[in-house]
Amino acid sequence: MSKIKIAELFYSIQGEGRYMGVPSVFLRTFGCNFKCAGFGMPRGEVSHEATDIAATHSMIESFQTYGELPLVSTGCDSYASWMPEFKDLSPMLTTDAIVERTMEILPENNWQDAHLVITGGEPLLGWQRAYPDLLNHPKMAKLKEITFETNGTQKLTSEFKDYLMRWQMPDLEFQREITFSVSAKLSCSGEARHEAIKPDVVCEYQEAGHTYLKFVIATEEDAEEALETLDIYRAEGFTGHCYLMPVGGVESVYTLNNRRVAELAMKMGLRYSDRLQVPLFKNEWGT
Ligand code: SF4
């Protein structure tokens, strides 16, 4: 039976993108190929918030659960889902164990919107081989809408792509709606452009599911970079929607940016994505 290292598994409202407002199960896998230490920082600088927390944790193992971890106002807001210093907080679970936990956290009655978000970290790293076991489990059949929240750098394996494409075949007992929510990283993330912008990879997602881009930005300069980058994806054959979403994993930063980013989206003819988990739940772990 396959196993997946799970950072978090929780039930909340999807705060971003196509399914904003939809009650959803979030499966946060462990591991990421990026650090995104530039978010919320002046250009060219990197955040040390997460590394400072990690240093404390390594010295005195001060945090026993995700819920005890501090939130950060700069850098990656889900830092503990990929930093090696926190790997002890993320158990390796069999797909059967993940299914059981998923069933436990779902409300018992009247569950109408069957949406599963597989997020990270970067969920399309090595775990692609385990998802068919998880999604084929009979109890998971009610989860008919599935979103992968990815940074858009990881190619689908041919086996996993074929598996996802089969959900679109009309002769199935039930079909699944697969979505790729691609948060491609612009320079404000601190990641190198040649590593972060992979139009060929993202265009291939389109064959396996509904695919859209979501750029996290703060300034007009970022928005202009998003437009230029979108052109690069379009030239490769990307046909999906494009959202602008404000930087800000904590309310003080989010409220500085959200209105400006919404206005930039209107000016540029792009979609605005909120991050509702911030005003609703303060973006606490498990929300
Ligand atoms: S890609 Fe996402 S999870 Fe990975 S470091 Fe960047 S913001 Fe964090």
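Which residues of helix α4 (residues 158-166) are buried? That is my opening question this morning, and the reply comes after a word on the model.

What we have here is a predicted model, in which local features need pLDDT of at least 70, side-chain atom pairs count only at pLDDT 80 or more, and totals for chains, interfaces and linings use all residues. Residues are numbered from 1 along each chain as its sequence is written, and side-chain values use heavy atoms, with hydrogens and water left out.

To return to the question, the buried residues of α4 are F160, K161, Y163 and L164. Buried here means under 20% relative accessible area, exposed means over 50%, and partly exposed is in between, with a 1.4 Å probe and protein chains only. Helices (H or I, at least four residues) and strands (E, at least two) are DSSP runs, numbered from the N terminus. Seen down the axis of α4, the buried residues fall within an arc of 160 degrees, so they line one face of the helix. The arc is taken from the directions that lead from the helix axis to the C-beta atoms. Against these buried residues pack α3, β5 (145-150), β6 and α6 (199-208). Contact, throughout this talk, is heavy atoms within 4.5 Å.

Let me stay with β6 for a moment. Strand β6 covers residues 177-182 and contains I178. I178 is buried, with a relative accessible area of 4%. Apart from residues up to four places away in sequence, I178 touches I146, F148, L164, W167, A208, G209 and H210. L164 is also one of the buried residues of α4. Between I178 and Q168 there are 8.7 Å from C-alpha to C-alpha, and the two are 10 residues apart in sequence.

The loop between α4 and β6 holds L172. At 34% relative accessibility, L172 counts as partly exposed. With neighbours within four places in sequence set aside, L172 is in contact with R166 and W167. L172 and A184 are 12 residues apart along the chain, and their C-alpha atoms are separated by 33 Å.

I turn now to helix α2, residues 95-105. Its buried residues are T95, I98, V99 and T102. They cover an arc of only 100 degrees around the axis, which puts them on the same side of α2. Their cover includes β1 (3-13), β2 (23-29), β3 (92-94) and α3 (131-136).

Next comes helix α1, residues 49-60, where S58 has its place. S58 has 47% relative accessibility and therefore counts as partly exposed. S58 lies 40 Å from Y163 in space, C-alpha to C-alpha, and 105 residues from Y163 in sequence. A50 belongs to helix α1 as well, and at 15% relative accessibility A50 counts as buried. Leaving aside neighbours within four places in sequence, A50 is in contact with V72, Y79 and M83. From A50 to C76 there are 26 residues in sequence and 8.0 Å in space, C-alpha to C-alpha.

C76 brings us to the ligand. Which residues surround the ligand? They are C32, F34, K35, C36, C76, S78, W82, G121, N151 and K185, where a residue is near a molecule if one of its heavy atoms lies within 4 Å of it. This shell divides into five nonpolar, three polar and two charged residues. In that count, Ala, Val, Leu, Ile, Met, Phe, Trp, Tyr, Cys and Pro are nonpolar, Asp, Glu, Lys and Arg are charged, and the others, Gly among them, are polar.

Most residues other than glycine have a negative phi, and most peptide bonds are trans. C36, in the loop between β2 and α1, has a positive phi of about 50 degrees although it is not a glycine. At 7% relative accessibility, C36 counts as buried. G121 is found in the loop between β4 (115-119) and α3, and the peptide bond from G120 to G121 is cis, with omega near 15 degrees.

One further case of positive phi remains. K282, in the segment after α9 (277-281), is a residue other than glycine with phi near 60 degrees. K282 is partly exposed, with a relative accessible area of 41%.
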